[in-house]
Amino acid sequence: MTSIVVIDNHGQFTHLERRALRDLGVDVELVDNTTPPEEIDADGIVLSGGPDMDRIGNCPEYLDLDVPVFGICLGMQILAAELGGEVGSGDYGGYADVDVDILDGGDPLVGSLAPRTRVWASHADEVKEVPEGFAHTATSDVCDVEAMSDPDRDLYGVQWHPEVAHTERGEEVFRNFVSICE
């Protein structure tokens, strides 16, 4: 059975990420972001959303564990910041329904959602520039980088929250990540 660890970055929807994966039949554990990397034993890692970059604990170290990583909201921003991209304040701000255009129909994480999907997202902070090696895979009217991926290193991120009911086809995104981890 596929085993995925959800790293708790103190976001309000983190428990829903765990539940979404559990509902797909995944062996999933929710762990605090201060857990030492050597205690993480999983086929994949989800970096949850959270309030700010000042509370990301050991998340940068989890990127070196040689397993697929899926960053959600703050989790994607951690990927960008740690790997040479740029994160900054969003122009839009709070939570809203957003139409997202998928730029790469072949992307392993979000390609199946092409050409467009509707999501629930926060844009207080967002990725302004993707790191080297990443493809910019989704965009919207309120945020240029709604998703990014580096399939060669199995690193993926979305600005939106696939775990909430307001996001169409969110379960599909988690199913795609589970396939990546298998």
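**Close-up views of a predicted model**

View 1. Asp23 and Arg19 form a salt bridge, with their closest N and O atoms 3.6 Å apart. A salt bridge here is a side-chain nitrogen of Lys or Arg within 4 Å of a carboxyl oxygen of Asp or Glu. This is a predicted model, so local features need pLDDT of at least 70 and side-chain atom pairs count only at pLDDT 80 or more, while totals for chains, interfaces and linings use all residues. Residues are numbered from 1 along each chain as its sequence is written, and side-chain values use heavy atoms, with hydrogens and water left out. The two partners sit 4 residues apart in helix α1 (residues 14–23), so about one helical turn separates them. Helices (H or I, at least four residues) and strands (E, at least two) are DSSP runs, numbered from the N terminus. Asp23 is exposed, at 52% relative accessible area, and Arg19 is partly exposed at 46%. For these words, buried means under 20% relative accessible area, exposed means over 50%, and partly exposed is in between (1.4 Å probe, protein chains only).

**View 2. A salt bridge between two strands.** Next up is Asp99, which forms a salt bridge with Arg116, the closest N and O atoms being 4.0 Å apart. Asp99 belongs to strand β5 (residues 86–102) and Arg116 to strand β6 (residues 116–129), so the pair ties together parts that are 17 residues apart in sequence.

View 3. Is Asp150 buried or exposed? With 3% relative accessibility, Asp150 counts as buried, whereas Arg153 is partly exposed at 39%. Elsewhere, salt bridges that share partners join Asp99, Asp101, Arg116 and Arg118 into one network. How many salt bridges does the structure hold? The count is 9.

View 4. Time for some rings: the structure has 2 aromatic pairs. Rings of Phe, Tyr and Trp (its six-membered ring) pair if their centres lie within 6.5 Å; planes under 30 degrees apart count as stacked, over 60 as edge-to-face and the rest as tilted. Phe70 and Phe174 make an edge-to-face pair, 5.9 Å centre to centre with 65° between the planes. This pair links distant parts of the chain, since Phe70 is in strand β4 (residues 69–72) and Phe174 is in helix α4 (residues 170–181), 104 residues apart. Phe70 also pairs with Phe177, this time tilted, at 5.4 Å centre to centre and 45° between the planes. Phe177 lies in helix α4 too, so its pair with Phe70 of strand β4 ties together parts that are 107 residues apart in sequence. Phe70 and Phe177 are both buried, and Phe174 is buried as well, at 0% relative accessibility. Put together, Phe70, Phe174 and Phe177 form one aromatic cluster.

**View 5. Helix α3, largely enclosed.** In helix α3 (residues 74–82), 7 of the 9 residues are buried, so the rest of the structure largely encloses it. Which residues of α3 are buried? They are Leu74, Gly75, Met76, Gln77, Ile78, Leu79 and Ala80. After α3 comes Gly84, which has a positive phi, near 100°.
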